[in-house]
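Here are my notes on the model you sent. Please read them with the structure open beside you.

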Amino acid sequence: MSDSSITLIKNSRIITDKSDFVSDILIQNEKIISLEKDINVEDNFNVYNADGLLAFPGGVDCHTHLENKFGQSVTCDTFDTGTRAAAFGGTTTIIDFAFQNESISAQQAIEYSIRLAENKAGIDYSFHLVLSHIDKQALIDLKNVINDLGISSFKMFMAYPAIMANDAAIYQSLKVTGENGGLICIHAENGPVIDQIVKENIEKGLTSPGHHGFSRPAIMEAEATNRVIKLSELTNAPIYIVHVSCKESLYEVIAARKKNLKVYAETCPHYLFFDDSVYRSDDFDVAKYVISPPLRKKEDQEILWQALAKDDLQVVSTDHCPYCMKEGHLGKINQKPLGLNDFSKIPNGAPGIETRLPVIFEGGVNKGIISLNRFVELVSTAPAKIFGLFPQKGTIAVGSDADIVLFDPKEKNIISASNHQSNVDYSLYEGMEINGKIKKVFLRGSLIVDKDQWVGSYNFGKFLKRGETCKV
Ligand code: DUC
Ligand code: ZN
Ligand code: ZN
């Protein structure tokens, strides 16, 4: 065979959500064109020997925040550093956010976000549209962006006064998405009650970062989860609950799915590895863990892992929302120290885009909680199917994009912020030993990560128009 765009990966053990087999992978014009043994091409083509390596489909991280502005703070990873970090962590597609509001229409928000990412992104990307202002025109726009722009998913916040949507807005939006193949992602926390608790704590002088954790009770996450599930049932529209952190809201999701309601949900690695004991300190270092929802009880971790194993939860995303601990790090301002004297001013979020596959492999596969197939399903196939990207993304199959991660399950790897790609100045997983290492990452057939080297380019990432959601 002779064609300059041909790449051949020899002899990897291919893992998809459903299969596990040793094969060569032949790639042409960005797509997988053959999965067979003993394929031969001429010597001068790109041939990689993957003996002893696992091949996963590139990770799909459906919840990231790159260059997102919340209040005065902007997340510290840009589309170049953030997508490079994602690639080093085995992720080749992200779904980030575009922000609509009273003065920025849906179309303007999407155009703005595409402009921000193009010529910077090293991996493929799309956006959920955040809806914080709903009126007649916004509902028309919602339908139009699904049909014309390939933006088929949305995000609504039940917390945070500046962007919060009330129940009526969620109800109206669900009617439109339900009829048009769209999907609304929900940040489910009872914002008004939580804001009252925050105010009471600040008034009592409880201002250190740990009080963030104790101001956002699990029961208020469960209440909002239950409420939005009822709205989804009422409108017969699917719903996706982001960052489920605790058993209380998980049980609402499980109960809804038992009734065959169209309810999907994710959790994030930090809820699987850390617990609320970190909040029992007055040290400002605790600001690393100021995320919403906050970390929960130790016992919640095991319950969330089991939910992932049993498909009670469908996806592991990162909610990568990085802010530096040191003001001025790499020139970034208005980061975590904004809340030195008042935890409610600390920008909420933690990094994770670079560590998702490794830590879930370690905590899930190596610990015997999930199979290799389920691992692939959680980090790649299910998010691709739920968010309208499958089978272009999310699998290794003839016709799919050649997004491939070659992984050595025998090589050890220690996580450290000292050698990571992200702009953020810490890792929650500092010092964690992973039995397994990402060796090579291909995006649409092009090598973008080679061992510890970035060999991609910052304009190769493509905006992805997405189709109908919830094809699971
Ligand atoms: N929720 C998110 O989903 N992302 C960042 C902050 C938050 O609270
Ligand atoms: Zn959220
Ligand atoms: Zn988020």
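In what order do the eight strands of the open sheet run? The points below start there. Note that this is a predicted model.

1. The order is 6-9-10-11-12-13-14-15, and the pairing is parallel. Strand 6 (59-61) and strand 15 are the edge strands. Each of these two pairs on one side only.

2. **Strands 12 and 13.** Look next at one pair within the sheet. Strand 12 covers residues 183-187, and strand 13 covers residues 239-241. Three bridges join them in the parallel sense. Ile184 stands opposite Ile239 of strand 13.

3. **Helices on the sheet.** Helix 8 (residues 247-258) lies across strand 13 and strand 14 (263-267). It runs at about 150 degrees to strand 14. Helix 11 also packs on the sheet, where it touches strand 6, strand 9 (91-99) and strand 15. The direction of helix 11 makes about 110 degrees with that of strand 6.

4. **Asn334.** This residue sits in the loop between strand 15 (315-316) and helix 11 (356-366). Is Asn334 buried or exposed? Its relative accessible area is 18%, under the 20% cut-off, so Asn334 counts as buried. Leaving aside residues up to four places away in sequence, Asn334 touches Gln72, Ser73, Glu327 and Pro347. With Gln72 there is a polar approach: a polar side-chain atom of Asn334 lies 3.3 Å from the backbone oxygen of Gln72.

5. **Positive phi at Asn119.** Asn119 is not a glycine, yet its phi is positive, near 65 degrees. The residue belongs to the loop between helix 2 (106-117) and strand 10 (124-130). Its relative accessible area is 60%, so Asn119 is exposed.

6. **Positive phi at Tyr160.** Tyr160 is also a non-glycine residue with a positive phi, about 75 degrees. It falls in the loop between strand 11 (153-157) and helix 4 (167-179). Relative accessibility is 24%, so Tyr160 counts as partly exposed.

7. **Cis peptide at Pro293.** The bond joining Ser292 and Pro293 is cis, with omega about -5 degrees. Pro293 lies in the loop between helix 9 (269-273) and helix 10 (298-309).

8. **Cis peptide at Pro391.** Phe390 and Pro391 are joined by a cis peptide bond too, with omega about 5 degrees. The loop holding Pro391 runs between helix 12 (372-386) and strand 16 (404-414).

Notes: Residues numbered from 1 in each chain as written. Chains lettered and ligands numbered in written order. Predicted model: local features only at pLDDT ≥ 70, side-chain atom pairs only at ≥ 80, totals over all residues. Heavy atoms only, no water. Helix = DSSP H or I, 4+ residues; strand = E, 2+ residues; numbered from the N terminus. Buried < 20%, exposed > 50% of the residue type's maximum accessible area, 1.4 Å probe, protein only. Polar contact = N/O pair within 3.5 Å; in protein donor to acceptor, adjacent residues only side chain to side chain. Contact = heavy atoms within 4.5 Å. Pairing = 2+ DSSP bridges. Axes fitted to C-alpha atoms, helices over the stretch in contact; angles between N-to-C directions.
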